[in-house]
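Please look over the sequence and the structure shown below before reading on. The briefing that follows is grouped by topic, and each point can be checked by finding the named residues in the structure.

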Amino acid sequence: MNTSDTITAPASGTGGAVTVIRVSGPRAVEIAGRVWRGRLSLADAEPRRMYLGKVGHDPALAVYMKAPASYTGDDVVEIQCHGGTAAADNVLRRLLACGCRMAEPGEFTFRAFVNGKLDLAQAEAVADIVSSGSEAAFDLAQKQLAGALSEKLNALCDRVDALRSECEARLDFPDEELDFSSDEELAENCRAVIRDADELLATRERGRLLRDGVEVVIAGRPNAGKSSLLNCLLGYDRAIVSPLPGTTRDTVEARAVLAGVPVILTDTAGLRESADPVEKLGVERSRRSIAASQVTFGLVDASAADGAAALDELRNSGAKNLIAVWNKIDLVPGFVPPAPPEVPHAAVSAVTGEGMKELVEVFRRVVGRDRGEGVLPDVAVNARMAALLEQGSAALESAEKRLLSSAYELAASDLAEASRRFGGTVGRTASPDLLDAVFHRFCIGK
Ligand SMILES: Nc1nc2c(ncn2[C@@H]2O[C@H](COP(=O)(O)OP(=O)(O)OP(=O)(O)O)[C@@H](O)[C@H]2O)c(=O)[nH]1
Ligand SMILES: [Mg+2]
């Protein structure tokens, strides 16, 4: 992407009352100043102050952000016009006619990266913020944008670079009595970096769950109220509910946010032995969903006589992070769940909504426990960073072995490789392909 011309695009979504059109580049003030006219010319405008003027006959506000104190690090002008496509098109058409180019998706953020305003990890956080579907994912992306993850990644890169310099110094001054650390010490330092990289790699799964959603399966015997619970959690009727056992045959999926965490809820066919071939297939699917999910809401009919046996079936089903959900408590006044103490549980009514808050709280605790310490993660690497960390660690392992046999030249080349891989996470070393892959995810205007 060319980074020296002046680009424009709507920076706000369509359909709102106001559209923001962003202009960024060396000629931003000049071009925007020919399109937008106010009492003052834009060139004389005080930066970061809104001015009322016009674009053609339409009223429009303009604000100038002077380089480098702007999102992109270039001169930026933002014009706010009426919402709807006609007003925005009018502004855009004039800007393009006066010499702007239409921005590609992510190009504003790409310029911010090129101008050193953001590193790659932070740029990815911007895309995550735009697409975050839940409070927890949003919080994580905010922290990443603020640099929490970059700091850790940069620290790893610095340590690899220091190891590399030390290794190269031995090649450059082989005969001098310099104060070198021993081969063992260097090798141990490689190990230490690998350990810390592993720690970061371990955050990947949490990040994936927050970005893509925790898979929660609703399982139990027929008629326990699984579909009713799904509908109650969603707040609308997604699945068919009926008093006939065996109503749900296929799995039914829906997205929701529970306790600020995005989830993919799966309602399943009731678990029982059945002669009906279709129901049998449904039950097989239920078992597969249980195996694939991170959390199981094990639904038990609190008004049924053999609830404890039903719960035991679920405990033996391979369910992970099982939460016993005693349903239909509206039918059993004064119900006390007979759950074994080690199974987290809640008592609810999917019909009256009673106990739902409690269930969400139990879910929050269970999901929190899965993340260690019951807190949401401060940092989480994504798949792209994880792949680079793994490759960098492999190079470090090789460097470690070579250091122990004093093969400094080979070790230095391994360390250079590790440095390249680790550096790619934040964009210290970034190939055009890598940059393409990162900025490809963006929407236009970001
Ligand atoms: N009183 C009462 N009835 C409930 C409650 N939850 C579900 N029901 C009723 O129980 C029956 C079965 O509910 P479903 O939600 O279809 O049960 P299910 O577990 O999905 O059943 P299958 O799909 O057949 O496995 C329906 O008549 C619901 O109205 C509850 O909390 N209280
Ligand atoms: Mg059902």
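Predicted model: local features only at pLDDT ≥ 70, side-chain atom pairs only at ≥ 80, totals over all residues.

**Briefing on selected features**

Asn321 counts as partly exposed, because 17 C-beta neighbours lie inside 10 Å, and a partly exposed residue falls between the buried limit of 20 or more and the exposed limit of 12 or fewer.

**Backbone details in loops**

- Asn321 is found in the loop between helix 11 (307–315) and strand 12 (322–327), and this residue has a positive phi of about 45° although it is not a glycine.
- Ser406 also has a positive phi, here of about 55°, although it is not a glycine, and Ser406 lies in the loop between helix 13 and helix 14.
- With 9 C-beta neighbours inside 10 Å, Ser406 counts as exposed.
- Ala67 and Pro68 are joined by a cis peptide bond, with omega about 0°, and Pro68 is found in the loop between strand 5 (58–65) and strand 6 (76–82).

**The largest nonpolar core**

- In soluble globular proteins, nonpolar side chains tend to be buried together.
- The largest nonpolar core in this model has 119 residues, and those with the most contacts inside it are Ala32, Val77, Ile79, Val91 and Val325.
- Helix 13 (residues 383–404) contributes the largest share of this core, which is eight residues.
- Which residues is Val77 in contact with, leaving aside its neighbours within four places in sequence? They are Val23, Ala28, Val29, Ala32, Leu42, Ala62 and Tyr64.

**A buried residue in a strand**

- Ala346 is found in strand 13 (residues 345–347), and Ala346 is buried, because 22 other C-beta atoms lie within 10 Å and the limit for a buried residue is 20 or more.
- Leaving aside its neighbours within four places in sequence, Ala346 is in contact with Ile323, Val325, Gly355, Glu358, Leu359 and Val362.
- The C-alpha atoms of Ala346 and Val360 are separated by 9.0 Å, and these two residues are 14 residues apart along the chain.

**Packed helices**

- Two packed helices are described by the angle between their axes and the distance between the axes.
- Helix 1 (residues 28–35) and helix 2 (residues 85–97) pack at an angle of about 125°, with their axes 9 Å apart, and these two helices are therefore oblique to each other.
- Helix 1 passes helix 2 in a right-handed crossing, where Ile31, Ala32 and Val35 of helix 1 and Val91, Arg94 and Leu95 of helix 2 make the contact; by class, these residues are five nonpolar, no polar and one charged.
- Helix 4 (residues 120–131) and helix 5 (residues 135–146) pack at an angle of about 155°, with their axes 8 Å apart, which makes helix 4 roughly antiparallel to helix 5, since angles over 145 degrees count as roughly antiparallel.
- The crossing of helix 4 and helix 5 is left-handed, and the residues making the contact include Ala121, Ala125 and Ile129 of helix 4 and Ala137, Phe138 and Leu145 of helix 5; the contact divides into eight nonpolar, three polar and one charged.
- Helix 6 (residues 148–172) and helix 14 (residues 408–426) pack at an angle of about 160°, with their axes 9 Å apart, and they are therefore roughly antiparallel to each other.
- Helix 6 passes helix 14 in a left-handed crossing, and the contact between them has 15 nonpolar, five polar and five charged residues.

Methods. Residues numbered from 1 in each chain as written. Chains lettered and ligands numbered in written order. Core = buried A, V, L, I, M, F, W, Y, C linked by C-beta atoms within 7 Å. Helix = DSSP H or I, 4+ residues; strand = E, 2+ residues; numbered from the N terminus. Contact = placed C-beta atoms within 7 Å. Axes fitted to C-alpha atoms, helices over the stretch in contact; angles between N-to-C directions. Parallel < 35°, antiparallel > 145°, perpendicular 65-115°, else oblique. Left-handed = near helix turned anticlockwise from the far one by under 90°. Nonpolar A, V, L, I, M, F, W, Y, C, P; charged D, E, K, R; others polar.
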